[in-house]
Amino acid sequence: MKLTGAQIFVESLKRLNVEVVFGIPGGSVLPIFDKIYDAPFKFILTRHEQGAAHMADGYARSTGRVGVCFATSGPGATNLTTGIATAYMDSIPMVAFTGQVATTLIGNDAFQEADTTGITRPIVKHNYLVKDVRELSKTIRAAFYIAFTGRPGPVLVDIPVDVQRATCDFEWPENIEISSYKPTYAGHPSQIKRAAEAINSSKKPVLYVGGGVISSDASPELIKLSELAGIPVTATLMAKGVYPPSHKFYLGMLGMHGTYAANHAMQNADLIIAVGSRFDDRCTGKIAGFAPHAANIIHIDIDPTSISKNVHSNIPVVGDAKSILSQILKHVKKAVHADWIAKITEWKKNYPLTYKNDDKLRAQYVIETLSEITGGSAIVTTEVGQHQMWSAQFYKTEYPRHFLSSGGLGTMGYGFPAGIGAKIANPEEDVIVIAGDGSIQMNIQELATAVLNKINVKVLIMNNQYLGMVRQWQEMFYSRRYSAVCLHKSDECPSKCDEPGRKGCPRYIPDFVKVAEAYGAVGMRISKKSEVKQALKKIISANAVVVAEFIVEPEENVLPMVPSGAALDEIITSLA
Amino acid sequence: MKHTISVLVENKFGVLARISTLFAARGFNIDSLAVGETENPDVSRMTIVVRGDDKILEQVEKQLNKLIDVIKVRDFLEVPRVERDLALIKVKVDKTTRSEILQIVDIFRANIVDVSPDSAIVEVTGDEDKLEALIKLLKPFGIKEMVRTGTVAIARGK
């Protein structure tokens, strides 16, 4: 049977069981959109391609399935790139499709032409330009396979408009094999044995776990290993939810805004077991001062390039976290490490995460209250900045795939569209977007997408009227010279000002309540601490898209903090 | 330390760009890069000469392997191999220097492949040391232009 490229596109996605595609049409994707009109999958029209990419990402992170987004050539493709780079840094399975000008015009600076495969090459796991319709079904099949297997990541498929129109016999490759791409899943038996021996002989072990544990659904094996061998666990931002937050072995997050207990556990451990984590600079602090007592570093990761890239591992195990952990479990002996556990319990008790408990409304209080009300079971997405770190600290996520945040790239504008993607995938779950007043404005146009499609996410804006994280660094490391961080600032302001809420400050815009209402969402403003609990309950139970703005303390800081370039135990717990 | 790395890649559109993007993005330094078809037209071989310590080389090798279009990566550092580089050197010539230049070319088993009244093009093949030595000797006569292929390498038969 002869099909056009556009028909092959729809047929291929159907066979891959794609439920939903996010995107925006345009000139060079008209043939495909004509077929999408009749397609069996849902198409969500976004208001910006960046929104589409983050929605596909949120869909993928919350389900473990491949997220799909679609844009036209040129500006459509370039608008996707931030979302693709975000997914790449956090190893999220995604396939991005772009239209391209006709093959005869490629390279001619045609209207809406951009070298999409060239632009995206450093931010994708792989990409394709399909120049022949006979390659299309095979390429789409390969794209999904590559995105989903090994260390997951985004794959882009660029399809020129004439290829969408051309016809050929449709052939569907049920199985796919790429001779030059063979990810390793099973860990090497002798390395697994060495790892188990190191665990059995350690006195002060720590499990340092990252997003790879979520990708491989290895949370049950992780908990088993930790409990059997008496090993405390610290999770990175990407791994939030893989370990019960109230567990006595749980240390919280490590690194720059990690807990005192987690950072000191790393610095005092004699064995670090890294699982699906990549020793990112935000986690290790100064490399030269990292984990000075660790005689052994076991590094379990599916991506060999992650091993010994930043920190040397003497017991590397390449492969899938789930299968390797279950193999290791067979060789590990029961252990208690009473002294070590007593030590970390003492750190946890003496240096808990905290904030000032007075009458003022602080973002930490809002997030902590949200955590209590939801029991840590909501899907929480965040934007990037102070509110993101407070969410990491004070929202006690109970389950994997329930905390979605741009960890690697740190993309402001991620959280809201990602929340929409997650809600589409999980319509029965509460999806709550925790945002800052700076970040939310980077993709606020997606309110239209949420409202029109009745994707009832709840957006909580922690409005401190600043680009707060940058302000914090300026306060701590740049003598409080607040340069370009005040979101009140107008041309009437003095050129230098460090007084939040100074008399005669220009009015804050936008009025988020009115913005919400203009889009047909419910807008709320909460300025008193005493109103928070009631408001949150109302927001969560509302059967609508809600944008709730919390007017929080403007100059609150995220603590503790390991300053950039310091070692993990040079942690600052309070600003005197 | 200088390493000669042999990379077998799918002979596909954009592969060279992927490799060069990788080296640029990761801050690896390429001394030379040569690429061409192998005995199998679907496969190309790249010979990349790269400098770095063991840690960098480990990353180079792993990162190359991670690219989907890369079939095989081999560091030739401790492998018995044949390495060749080819240079075309346009050197200034006049009556007084001609015979001396011819002698040098002869000793190096190089060839004169073009002659004009005031210059000659010398073609030389060999390992890098040989090329460097010849270039050093020709320099005093005046090298007008030079082009080199970059190293290509292949493992010796067992």
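Mentor: Start with one term. Two strands count as paired if DSSP finds at least two bridges between them. Keep in mind, too, that this is a predicted model. Its scores are ipTM 0.90 and pTM 0.96.

Begin in chain B. Its average pLDDT is 95, and 100% of its residues score at least 70. Go to strand E5 of chain B, residues 81-92. Follow its pairings one at a time.

Take strand E7 of chain B, residues 119-126. E5(B) and E7(B) are joined by eight bridges and run antiparallel. To find one of these places, look for B:Leu86; its bridge partner in E7(B) is B:Thr125.

Next comes strand E8 of chain B, residues 143-148. Five bridges link E8(B) to E5(B), again in an antiparallel run. Here B:Val91 faces B:Ile143 of E8(B).

Then there is strand E9 of chain B, residues 152-155. E9(B) pairs with E5(B) over four bridges, in the antiparallel sense. B:Glu83 has B:Ala153 of E9(B) as its bridge partner.

Now cross to chain A. The contact between the chains takes 14 residues from chain A and 15 residues from chain B. On the chain A side, five are nonpolar, seven are polar and two are charged.

Chain A has an open sheet of six strands with parallel pairing. Read across it in this order: E16-E15-E17-E18-E20-E19. Strand E16 (403-404) and strand E19 (522-526) of chain A stand at the edges. Each has a single partner strand, so one side of each has no neighbour in the sheet.

Strand E15 of chain A, residues 379-382, runs parallel to E16(A) and is joined to it by two bridges. A:Thr381 has A:Leu404 of E16(A) as its bridge partner.

What lies against this sheet? Helix H16 of chain A, residues 386-394, packs on the sheet. H16(A) touches E15, strand E17 (431-436) and strand E18 (458-463) of chain A. The direction of H16(A) makes about 135° with that of E17(A). Helix H17 of chain A, residues 415-425, lies across E15, E16, E17 and E18 of chain A. H17(A) runs at about 175° to E17(A).

H16(A) also has a helix beside it. Helix H15 of chain A, residues 363-374, packs with H16(A) at an angle of about 40°, with their axes 9 Å apart. That angle makes H15(A) oblique to H16(A). Their crossing is right-handed. From H15(A), the contact uses A:Ala363, A:Gln364, A:Ile367, A:Glu368 and A:Ser371. From H16(A) come A:Gln386, A:His387, A:Trp390, A:Ser391 and A:Phe394. In this contact of H15(A) with H16(A), four residues are nonpolar, five polar and one charged.

Helix H10 (residues 219-229) and helix H13 (residues 321-331) of chain A pack at about 30°, with their axes 9 Å apart. H10(A) and H13(A) are therefore roughly parallel to each other. The crossing of H10(A) and H13(A) is left-handed. Among the contact residues are A:Leu222 and A:Leu225 of H10(A), with A:Leu325 and A:Ile328 of H13(A). The residues of the contact of H10(A) with H13(A) are six nonpolar, one polar and three charged.

Technical notes
Residues are numbered from 1 along each chain as its sequence is written. Chains are lettered from A and ligands numbered from 1 in the order in which they are written. This is a predicted model: local features need pLDDT of at least 70, side-chain atom pairs count only at pLDDT 80 or more; totals for chains, interfaces and linings use all residues. Two residues are in contact if their C-beta atoms, placed from the backbone, lie within 7 Å. Ala, Val, Leu, Ile, Met, Phe, Trp, Tyr, Cys and Pro count as nonpolar, Asp, Glu, Lys and Arg as charged, and the others, Gly among them, as polar. Axes are lines fitted to C-alpha atoms, for helices over the stretch in contact, and angles run from 0 to 180 degrees between N-to-C directions. Angles under 35 degrees count as roughly parallel, over 145 as roughly antiparallel, 65 to 115 as roughly perpendicular and the rest as oblique. A crossing is left-handed if the near helix is turned anticlockwise from the far one by less than a right angle, and right-handed if clockwise. pLDDT is the predictor's confidence in each residue, from 0 to 100.
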